[in-house]
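Here is a short report on one protein model. Look at the structure first, then read on.

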Amino acid sequence: MLFVSVITLVFVLISIYFFFRAEKLQRKLITQQRDSSSTRRENKVLVDTMTLVATREQEFAKERLKRLTIYAKSNELEPLLTHVELISPLINNYSIIFQECLQGKGRLKAICQKCFENQDKSAYKKFIAMLITSNKQLKRYWSSDNLNGFLFLVDALLTVEDEYVHVPATGQKNASLLQK
């Protein structure tokens, strides 16, 4: 009888121990689920914000491209028009490339190739040829193959360089690019 009582007591004590242990683990699990839910909400807000930023940046880049095109046409700058045509797939797919680059390093070149080839099979090769023959800064931005390089590359490609801007015979520059 004593043996059965001892076994029963041990069983009861072990049951009480596991009950409190299970309660503690359940509280930890609830806390972890709450933290996980909070993190998912924050992540969704950040993703939505980054999408909004990418869309707004694309709008700005398209506007700059449009003004650059108007400037090149009004001043009959054929090299600048060619430059604009070469970079237009990059600007028109800005938000797609931006979002792909957010996913990690090494995605810029692959997504750019897809975007360029959707327009024309040889467009990507022409774009790469233009980058290879350009200055070291553009090559560095392109070779970084990440979001930061993409942002700097687009900004540099949309900046009017001195080689495209010429002074007319009157000595005044055409201000059509600066309007708006």
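## Salt bridges

At 43% relative accessibility, Asp48 counts as partly exposed. Buried means under 20% relative accessible area, exposed means over 50%, and partly exposed lies in between (1.4 Å probe, protein chains only). Asp48 forms a salt bridge with Lys44, and their closest N and O atoms are 3.2 Å apart. A salt bridge here is a side-chain nitrogen of Lys or Arg within 4 Å of a carboxyl oxygen of Asp or Glu. Lys44 is exposed, with a relative accessible area of 53%. Both residues lie in helix α1, four residues apart, about one turn of the helix. An α-helix has 3.6 residues a turn, so residues three or four places apart point the same way.

The whole structure holds five salt bridges. Another one joins Asp155 to Arg64, with the closest N and O atoms 3.0 Å apart. This pair links distant parts of the chain: Asp155 is in helix α7, Arg64 is in helix α1, and they are 91 residues apart. Asp155 is partly exposed at 37% relative accessible area, and Arg64 is partly exposed at 27%. Arg107 and Glu100 also meet through their side chains in a salt bridge (2.9 Å, N to O). Arg107 is partly exposed at 32%, and Glu100 is partly exposed at 23%.

## The model and its fold

This is a predicted model: local features need pLDDT of at least 70, side-chain atom pairs count only at pLDDT 80 or more, and totals for chains, interfaces and linings use all residues. Residues are numbered from 1 along each chain as its sequence is written, and side-chain values use heavy atoms, with hydrogens and water left out.

The protein has seven helices and zero strands. Helices (H or I, at least four residues) and strands (E, at least two) are DSSP runs, numbered from the N terminus. Of the 180 residues, 29% are buried. Take contacts between residues at least 6 apart in sequence: 65% of them join residues at least 24 apart. Contact means heavy atoms within 4.5 Å.

## The nonpolar core

The largest nonpolar core has 37 residues, and Leu90, Ile97, Phe127, Phe150 and Leu153 touch the most other members. The elements giving two or more residues to this core are α1, α2 (78-92), α3 (94-102), α4, α5, α6 and α7. The largest share, seven residues, comes from α2. Such a core is a set of buried Ala, Val, Leu, Ile, Met, Phe, Trp, Tyr and Cys residues joined through side-chain atoms within 4.5 Å.

Leaving aside neighbours within four places in sequence, Leu153 is in contact with Leu90, Phe127, Leu131, Leu138, Tyr141 and Trp142.

## Helix α6

In helix α6 (residues 136-144), Leu138, Tyr141, Trp142 and Ser144 are buried. They cover an arc of only 160 degrees around the axis, which puts them on the same side of α6. The arc is that of the directions from the helix axis to the C-beta atoms. The cover over these buried residues includes α4 (108-119), α5 (123-132) and α7 (147-157). Just after α6, Asp145 takes a positive phi of about 55 degrees.

## Along helix α1

Thr69 is found in helix α1. Is Thr69 buried or exposed? Thr69 is buried, with a relative accessible area of 19%. Beyond its neighbours within four places in sequence, Thr69 is in contact with Leu81 and Val84.

Ile16 also has its place in helix α1 (residues 2-74). Ile16 is partly exposed, at 41% relative accessibility.
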